[in-house]
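Subject: A structure to look through

Dear colleague,

I am passing on a structure that I would like you to read slowly, with the sequence beside it. My notes on what was found follow directly below.

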Amino acid sequence: MSGALHDKYEIAHALRETGLLLNVLGDNPYKAKAYLQGAKAIEGANEDIGTLIREDRLTELSGIGESLASSISDLYKSGETRLLSKLRKELPQGTAELSQIRGLTLARIKTLTDIGIDSKAKLLKACKAGTVAKLKGFGIKVQRSILDKLENAGQERHQMLLVDALDIANELVSDLKSSLKTQKVELVGQMRRFWEAVDKIEIAVEATSSKIQKALEHYHGLGALQESSDKKCLVARHIEGLNIEIYPVRNLALAMVAFSGSQEHFSKLQEYASKNNFKLLDCSFKKNREEIEIANEEDVFKYLGLNFIPPELREGQDEIEEAIENDFKDLVNIEDIQGMTHCHSTYSDGIHSIEKMARHAKKMGKKYMTLTDHSPAAHYAGGLSVDRLKEQWQEIDRVQELLNFKILKGTECDILADGRLDYPDNILEKFDVIIASIHTRYRQNEEAMTKRLLRGLKNPHFKIWGHPLGRLVLKRDPVPCDVEKVLEAIADARVAIEINGDPYRLDLAPQWAKIARKLGLKFIISTDAHSISNYQNLKFGIHMARRAGICKDEVLNTLSVQKFKNIVKPA
């Protein structure tokens with residue numbers, strides 16, 4: 001790409017390429033996201049980009065800040081930015097395109113491009129020829145997985161991170177409320193259950209199909225209306241490729257019951273209703289043929305003799321049987337959290353100072369925070385040397401005195417490849433809290449990774465296992481290890497597990513958190529905050545914990561600062 005870019009789609013393409021290249025490097029997911037969101041904003045702009053630049057109004061577009069506006073201006077004038085030029089020089093040609101295939105790390109992409117495979121088309125041909133299986137770091141299994149993804153790309157459902165889908169969904173809900181002049185518009189389905197990633201946006205609206213269709217006519221980003229009827233949902237496709245299904249309903253409360261849970265959940269609920277002489281549909285609720293008026297979701301469960309089942313649990317497992325006795329009121333809520341855990345500052349790779357992070361946590365009503373900047377091995381994230389650590393501690397003391405707000409001195413300490421922790425014991429024992437995490441060598445085999453974690457757990461200073469399996473949702477699979485064996489060792493070592501609220505991580509996944517609960521393990525629900533805005537990650541962590549059935553008394557940072565400190569203090 002060279003020369004000025006005046007077409008908004010060309011500018012968006014360059015921004016998206018920048019975001020994809022930053023993503024594959026993996027250093028700063030927030031910066032990558034900013035460029036990807038900037039691409040969407042530019043594509044959706046109704047005004048001429050040149051006019052916006054000349055009038056210095058780019059920042060009026062949602063998601064465009066000063067830095068991104070400068071990059072867009074550079075693209076408009078010269079066709080390139082300093083960052084994009086640098087990334088293109090550093091990374092092989094074809095990286096952006098190949099990085100969109102899940103499982104292709106930067107190391108694998110470099111291996112492919114070294115032999116001239118720099119596009120999906122060339123990769124497909126090489127897989128069919130058996131070439132890829134012979135490359136170092138691939139093998140038959142990986143080749144088969146790549147081939148399957150490439151051959152079924154057109155049939156696969158598009159998936160999007162929950163946090164990104166919520167941006168689209170909340171805007172659409174707001175617009176529908178405004179256009180239809182009603183508040184009876186709600187998100188349902190996967191999004192209401194807070195899945196990590198979703199393949200569609202589902203919205204229930206108490207309005208007729210024709211009124212909804214008319215309201216959608218001027219909504220930007222939707223493709224052609226694919227289907228419309230009184231009984232079936234309206235189906236449209238957003239510019240990002242995500243399905244949007246809107247249910248026109250007569251009773252929103254019933255629709256919330258019918259469409260919030262999985263199909264298995266609703267089928268089991270209908271079966272339970274039938275056994276108790278009720279008939280439950282998405283548009284009516286009857287007992288012995290007599291219509292029952294429903295004002296809210298709670299009414300349905302009440303009539304059935306069940307306690308209200310929180311949406312996060314409506315997966316069609318054993319939640320209906322459990323609802324006979326359990327009122328689920330002990331599930332952890334966001335109001336239960338007293339301390340912000342796993343917070344970073346400008347001392348490592350955070351955006352805001354210790355003081356600003358502390359002030360904002362206090363403003364949110366929290367009683368304490370744990371400052372856990374990176375350890376030395378995370379040099380790419382400004383990991384702290386021992387000397388730098390001492391400077392940080394002095395700054396913490398200054399801020400605590402200034403604000404009368406407790407800041408626990410901590411670290412996000414790397415679990416090294418051989419299982420050792422990144423600081424020596426004489427430093428580890430001085431911290432208030434240690435979150436031990438894996439940040440490198442994710443590709444160790446299952447045996448090596450399991451040994452690595454088990455050795456780390458033998459260190460008595462190891463008290464919290466951070467973003468345990470190292471996954472990045474839709475981007476990087478969990479580390480290979482014997483999870484149950486590690487969880488059993490954690491139970492013996494009396495170590496807590498982090499539920500990481502970063503929407504790019506959301507780790508530990510609910511299926512493993514449920515097993516951890518059965519073993520009696522404790523949790524912290526963290527924000528992994530690198531800025532004050534990241535404190536909003538707490539809600540994602542809370543919903544992940546609720547999906548696993550985690551209760552308030554199982555979460556350590558619902559405790560007072562002194563009780564929390566006593567439990568997590570390194571031995």
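In which sense do strand S12 and S13 pair, and over how many bridges? Strand S12 (residues 406-414) and S13 are paired in the parallel sense, with five bridges between them; two strands are said to pair if DSSP finds at least two bridges between them.

Before going further, please keep in mind that this is a predicted model, in which local features need pLDDT of at least 70 and side-chain atom pairs count only at pLDDT 80 or more, while totals for chains, interfaces and linings use all residues. Residues are numbered from 1 along each chain as its sequence is written, and side-chain values use heavy atoms, with hydrogens and water left out. The names of helices (H or I, at least four residues) and strands (E, at least two) refer to DSSP runs, numbered from the N terminus.

The main sheet

S12 and S13 belong to an open sheet of seven strands, in the order S10-S11-S12-S13-S14-S15-S16, with parallel pairing. Strand S10 (339-343) and strand S16 (523-526) stand at its edges with a single partner strand each, so one side of each is left without a neighbour in the sheet. As background, strands of a sheet pair through backbone hydrogen bonds, either parallel or antiparallel.

Strand S13 (residues 433-437) is largely enclosed by the rest of the structure, because five of its five residues are buried (buried means under 20% relative accessible area, exposed over 50%, and partly exposed in between, with a 1.4 Å probe and protein chains only). Both of its faces are covered, with Val433, Ile435 and Ser437 buried on one side and Ile434 and Ala436 buried on the other. Isoleucine 435, in turn, has isoleucine 464 as its bridge partner in S14, and S13 and strand S14 (residues 464-465) run parallel, joined by two bridges.

The core and an exposed loop

Among the 94 residues of the largest nonpolar core, Leu176, Ile203, Met369 and Trp465 touch the most other members; such a core is a set of buried Ala, Val, Leu, Ile, Met, Phe, Trp, Tyr and Cys residues joined through side-chain atoms within 4.5 Å. Helix H10 (residues 162-180) gives the most to this core, with ten residues. Leaving aside neighbours within four places in sequence, tryptophan 465 is in contact (heavy atoms within 4.5 Å) with residues including Ala436, Leu453 and Ile490.

Serine 62, finally, lies in the loop between helix H3 (49-54) and helix H4 (66-78), and it counts as exposed because its relative accessibility is 67%. Serine 62 and alanine 436 are 374 residues apart in sequence and 37 Å apart in space, C-alpha to C-alpha.

With best wishes
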